Amino acid sequence: PETSDTTGLADIVFQRSTDGGQTWSEPVAIDDDDPDRHFTSFYPQLAVAPNGRIDVVWQDNRELTDYRFNVRYTYSTDGGATWAPNVQINDRPVDFNLGVSFNSDLRYAPGVASANEYAAIGWADTRLGDDLTQTQDNFGAIAQFSPLPPTTANTVLAIVAAVFGGLVAAGIVLLVFLRMRRRQEGSESPRVGAPEGVGAR
C-alpha cells in the first residue's frame with residue numbers, strides 16, 4: 001500500500017520492471033474506490049499463475065465504518081499494464097472488533113494462490129464470533145477463470161471397475177470358504193453313541 005503525502009489516501013499500487021529490476025514504472029493504483037471518499041486499503045498479497053496472470057487481494061473499508069472491512073480482488077493478464085475492476089470476495093464484512101485481530105492487535109492479511117484456471121483466496125473471518133466467544137475462523141472463495149482440465153483417466157469407470165473387482169474378490173473368498181467347510185463336514189467321523197451295557201446272565 002502507498003499513502004500519498006499530499007492527500008493522505010491509502011491505495012494499493014503496482015509497479016513493474018521489464019529490465020530485471022534496474023528500472024521501475026511509476027506506481028499505479030489498482031484499487032478502484034473513489035479517491036474523494038478517503039477509504040483505506042491495506043494488506044495486499046500477490047500471486048502469479050503459471051500463465052502469467054497476476055492476482056492481487058487486499059482489505060479495504062469502502063462504504064464501511066467501525067473497523068469493518070471487505071476482501072477485494074483484482075487481476076492483470078498483461079503484466080500489470082491494466083487491471084480488472086475490483087471484486088468483493090467475501091459476502092459480509094469482516095468485523096475487526098472481534099477475534100484475534102482485535103484482541104491481540106494482530107492483523108492477518110488475506111492470502112491468494114494462483115492456478116491457470118482459478119485463484120484461491122482465503123481470509124480470517126469473525127462472522128461466527130460474538131463478544132463472548134471472540135471466534136475467528138478461516139474462510140475462502142475461488143475466482144474461476146476456466147473449467148478444470150479433465151483427468152487423464154475416467155474416474156467413473158475406475159470406480160465401477162474397483163467395485164466390480166471387489167465384488168469378484170469377495171465372491172471368490174466366499175466360494176473358497178464354502179468349499180472348505182463342505183470338505184470338513186464330509187471328512188468328519190460319524191458320531192458313535194455310548195455303548196449300552198450288557199447285563200450278566
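Predicted model: local features only at pLDDT ≥ 70, side-chain atom pairs only at ≥ 80, totals over all residues.
Residues are numbered from 1 along each chain as its sequence is written, and side-chain values use heavy atoms, with hydrogens and water left out.

Salt bridges come next. The term covers a side-chain nitrogen of Lys or Arg within 4 Å of a carboxyl oxygen of Asp or Glu. Side chains of opposite charge can pair when their charged atoms come close. Searching the whole structure turns up nine salt bridges. One of them brings the side chains of Arg62 and Asp60 together, at 3.0 Å from N to O. Asp60 also takes part in a salt bridge with Arg72, and here the closest N and O atoms are 3.1 Å apart. Since Arg72 sits in strand β7 (residues 68–76) and Asp60 in strand β6 (residues 54–60), this pair ties together parts that are twelve residues apart in sequence. Strands and helices here are DSSP runs numbered from the N terminus (strands: E, at least two residues; helices: H or I, at least four). Arg72 counts as buried because its relative accessibility is 9%, and Asp60 counts as buried because its value is 0%.

Another salt bridge joins the side chains of Arg127 and Asp91, with 2.7 Å from N to O. Arg127 belongs to the loop between β11 (118–125) and β12 (137–144), and Asp91 to the loop between β8 (87–88) and β9 (94–95), so the pair ties together parts that are 36 residues apart in sequence. Asp91 is exposed, as its relative accessible area is 61%.

A polar atom of the Asn86 side chain lies 2.9 Å from the backbone oxygen of Ile30. The Asn86 side chain also reaches the backbone nitrogen of Asp32, at 2.7 Å. Leaving aside residues up to four places away in sequence, Asn86 touches Ile30, Asp31, Asp32, Trp58, Arg62, Tyr73 and Thr74, contact meaning heavy atoms within 4.5 Å.

On to the strands. β10, β11 and β12 form an open sheet in that order, with antiparallel pairing. β10 and β12 stand at the edges with a single partner strand each, so one side of each is left without a neighbour in the sheet. From one strand to the next, the twist averages 20°, with axes taken as lines fitted to C-alpha atoms (for helices over the stretch in contact) and angles running from 0 to 180 degrees between N-to-C directions. Two strands pair if DSSP finds at least two bridges between them. Strand β10 (residues 111–114) is joined to β11 by four bridges, and the two form a hairpin with three residues between them. Within this pairing, Ala113 has Ala120 of β11 as its bridge partner. β11 and β12 pair over eight bridges, again in the antiparallel sense, and Ile121 stands opposite Ala141 in β12.

That leaves the aromatic rings. Rings of Phe, Tyr and Trp (its six-membered ring) pair if their centres lie within 6.5 Å; planes under 30 degrees apart count as stacked, over 60 as edge-to-face, and the rest as tilted. The count by this rule is six aromatic pairs. Among them, Phe42 and Tyr43 are edge-to-face, 4.8 Å centre to centre with 75° between the planes. Phe42 counts as buried at 13% relative accessibility, whereas Tyr43 counts as partly exposed at 31%. Phe69 and Phe96 form a tilted pair, 5.0 Å centre to centre with 45° between the planes. Phe69 lies in strand β7 and Phe96 in the loop between β9 and α1 (99–103), so the pair ties together parts that are 27 residues apart in sequence. Both Phe69 and Phe96 are buried. Phe42, Tyr43, Phe69 and Phe96 make up one aromatic cluster.

Terms used: Buried < 20%, exposed > 50% of the residue type's maximum accessible area, 1.4 Å probe, protein only. Polar contact = N/O pair within 3.5 Å; in protein donor to acceptor, adjacent residues only side chain to side chain.
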